[in-house]
Amino acid sequence: MPKYCATVSQSTNPLAVHGMVTSPNYMATQAGLDILRKGGNAVDAAIAAAATLAVVYPQMCTPGGDNFWLIYNAKTGELKALNASGRAGAKATIEYYAGKGLRKIPSRGYDAANTVPGVVSGWGEAYGYSRSALGTKIEWKDLLAAPIDYARNGFPVSTSLSYWSKINVDPSDMEFRNLQRFSEFAGIFLKKGGKPYEVGEILRQPDLAETLSVLAERGADDFYRGSIAKKIVADLEKNGGLLTLEDFARHHADWVDPISVDYRDLRAYNFPPNTQGMASLEILNVLNNIDVKSLGEGSADYYHAIIEATKEAFIDRDRYLSDPDFVKIPLEYLLSEKHGREQAARIDMKKAAGPKQPLDPKGDTIWLGVVDGQGNAVSLIQSIYHDFGSGIVPAGTGIILQNRGSFFSLDPKHVNCLKPGKRTFHTLNPAMMLKNGKPYLVYGTMGGEGQPQTQAAIATRVVDFGMTPQEAISAPRWLYGRTWGAASNDLKIEGRVPADVADELRKRGHPIKVVDGFTDTMGHAGAILINQETGVLQGGTDPRGDGLAAGY
C-alpha cells in the first residue's frame, strides 16, 4: 500500500457527557453528532455517520460494500452483533473462473463484484432495532439527509480522497490501479480531461444522491427487492456480471452472538467468523499471560511480545477462518485460557518466530464509534475491500461495488474457497471492552491485516498503561505483514520509533522496514473511553487520516 501521510491531528482528547462520535472524516462525525443533538441514539447517529462516509469517503466505503456492528443496549445490558456482509452469487463458482482460464479472482472489474453488497441491509436492520428496542423518534429519512445533501450539492474533497484518487489512475497498471478505464467511475470521480480531484475541490455525485433519495423514501428494502436492485443487476447483466435479482432478493443481514475473552479486569468483545475478530481476541488472550505493563510501552519487548502474539493468532486465523455455515471453526478452543497459555509459552522473547505464510495485503475500510448520553454504544466497521472496490459503478446508481469476493480462493481444498451463497473471510472486526457489564472502551480501525495489531496497541496502551484514547492512537504503530507487490512479510514501524528499539528488534530477527512517522499504512483508528463513575466520554481519532472525534 502506498504511503499517505497526515501532518496534523484533528483531535486532542475531546470530552463530553451527552454523546461522542468518532470517525475517519469530519463531515461524517458532524452528521452523527447532529443526530444525537436532535434526540437520536447511538444507533441512529452511527447510521447517519456511516451513510455520510459512503458519500464523502468512497475510496474506503460505499453503499456497495459490507458492514459489521456491535451494539450495546443500555436498557437491557445486552451486547448484540449484526452481520451485514454479502454472500457470493449463485453464478459465482470456481468452475466459472476456471473456464476463463483464471487461477485467481480478479481484483477489479465485473468478475470481482461477485458478492451482494450488505451495507444497506445493515443500516436498515440497525434502524429497525433502534425503533423496536431503543424507541427512537428519529425518522429513517432524516438519517440520510446529510449524505443526500453532500452527494447532490457536493463536498470539498479531503486529503485522503484526493490521494487515493491519484494513485488509482495509473495507466501503467492495467490490472489494478488504472480505474479510469471504467467509464462510470471516471465520469464521477475524475474531472473533465481525466484528472483526479485536488484537495478542496467540490465533488458532486448526482446519481448517488438519487439512489439515496429512493432509499430515504422507500426504505432499505428497495436496494434488494426494488428499483435500485433492478438498476444494479441490469448493468451487471449487460456487462457479463455475476449477480442476479434472485441473489439480491435472497440477501439478509443476521444477528449473531459476539465473541469475547477476558483481558485484565475487563471483558473484550469482538465479531465472530466470518470476520477475523477471533484473531484480535486471540492476541489479547495470549497477552493475558504476559505482564505487558512491566515491559514498558514503546520498548522493544513491548513490540516484540505483541508481534509474536499476532503471529500465533494469525496461524489459527488462516487455518480456520471462513463462513461458519460452511466450515466448522473450533472457537471455544481457540479462545480458551488453555490455548492462550500454550500460545504464550511458545513465544521466545529473545528471538522472532520464523517466516510465516505471506499475509495478503487486504483492503481499505472505515471504523466509527458512537456513545450516547443514555449509555448506548456502537462499534461499526464498513468497507468495500480495496480502495474504490471493484471500480465498477452500475450505470445510473452512483454506487461503487465492492470487490470483497475477490478474496475467495479458487482452490476447492482451501478453507476460504468460493461457493455460491458463501460469505468470504473478512478482515473487518469492530471491538468493544466492557467493565462490570457496561461499555468501557469502544474502539476499532481500518487497515486489513493491521486491524488486530492496532486493536492490540490501543487496548494495551489504554488498559495497561493508562493512556488516553488520543495518546494511544497517536503513539507510534507497527504492521506485520506485506504491502502491494511485496513477496514476503516484513515488519513496518513508523519512523518515530527510536532507532535503538528498531535495532534491537532487528537483532531478534524481525525484518524491519522503517516508514514515515504518520502513515495511513497503519490504518485510521478511533476510540471512545467511558468513565463509568462520572459518565464522561473521552474520544480519539487518528492523525493519519481525515477524522474527527467530537461530543457535546
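**Entry 1: a term to settle before I start.** I count two strands as paired if DSSP finds at least two bridges between them. In general, strands of a sheet pair through backbone hydrogen bonds, either parallel or antiparallel. I also note that this is a predicted model.

Entry 2: One of the pairs is Leu491 with its bridge partner Ile512 in E16. I then followed the chain from E15 to E16 and found that it crosses through helix H20, residues 499–507. This β-α-β crossover is right-handed.

Next I checked the other neighbour of E15. Four bridges join E14 to E15 (residues 490–494), and here the strands run antiparallel. For Leu479, I found the bridge partner Lys492 in E15.

Putting this together, I wrote down an open sheet of three strands in the order E14-E15-E16, with mixed pairing. Strand E14 (478–481) and strand E16 (512–515) stand at the edges with a single partner strand each, so one side of each has no neighbour in the sheet. Neighbouring strands here are turned by 20 degrees against each other on average, direction ignored.

Entry 3: Is E15 buried or exposed? I went through its residues, and five of the five are buried, so the strand is largely enclosed by the rest of the structure. As a reminder to myself, in a regular strand the side chains alternate between the two faces of the sheet. On one side of E15 I listed Asp490, Lys492 and Glu494, and on the other Leu491 and Ile493; both faces are covered.

**Entry 4: a helix across the sheet.** What lies across E14 and E15? I found helix H15 (residues 300–320), running at about 35 degrees to E14. Asp316 is buried yet has no salt bridge. The nearest side chain of opposite charge is Arg319, 5.7 Å away. A salt bridge needs the nitrogen and the carboxyl oxygen within 4 Å. Leaving aside neighbours within four places in sequence, I found Asp316 in contact with Met278, Glu282, Leu321, Leu334, His339 and Gln343.

**Entry 5: charged pairs.** Side chains of opposite charge can pair when their charged atoms come close. How many salt bridges are there? The count comes to 29, and I looked up a few.

- Lys141 pairs with Asp142, and their closest N and O atoms are 3.5 Å apart. Lys141 is partly exposed at 48% relative accessible area, and Asp142 is partly exposed at 36%.
- Arg264 and Asp464 meet at 2.8 Å, N to O. Arg264 sits in the loop between strand E8 (259–263) and strand E9 (266–270), and Asp464 in the loop between helix H18 (450–463) and helix H19 (469–474), so the pair ties together parts that are 200 residues apart in sequence. Arg264 is partly exposed at 30% relative accessibility, while Asp464 is buried at 8%.
- Glu494 and Arg496 meet at 2.7 Å, N to O. Glu494 is buried, with a relative accessible area of 0%, whereas Arg496 is partly exposed at 30%. Salt bridges with shared partners join Arg477, Glu494, Arg496, Asp542 and Arg544 into one network.

**Entry 6: the seven-stranded sheet.** In which order do the seven strands of the other open sheet stand? I read E1-E18-E17-E13-E12-E9-E8, with antiparallel pairing. The edge strands are E1 (15–16) and E8, and each pairs on one side only. Inside the sheet I picked strand E13 (residues 438–445) and strand E17 (residues 525–530), which run antiparallel and are joined by five bridges. Gly444 has Gly526 in E17 as its bridge partner.

Helix H13 (residues 277–287) packs on this sheet and touches E8, E9, strand E12 (431–435) and E13. The direction of H13 makes about 20 degrees with that of E8.

Note on methods:
Residues numbered from 1 in each chain as written. Predicted model: local features only at pLDDT ≥ 70, side-chain atom pairs only at ≥ 80, totals over all residues. Heavy atoms only, no water. Helix = DSSP H or I, 4+ residues; strand = E, 2+ residues; numbered from the N terminus. Axes fitted to C-alpha atoms, helices over the stretch in contact; angles between N-to-C directions. Contact = heavy atoms within 4.5 Å. Buried < 20%, exposed > 50% of the residue type's maximum accessible area, 1.4 Å probe, protein only. Lys, Arg positive; Asp, Glu negative; His and termini not counted. Right-handed = clockwise from strand over helix to strand, strands pointing away.
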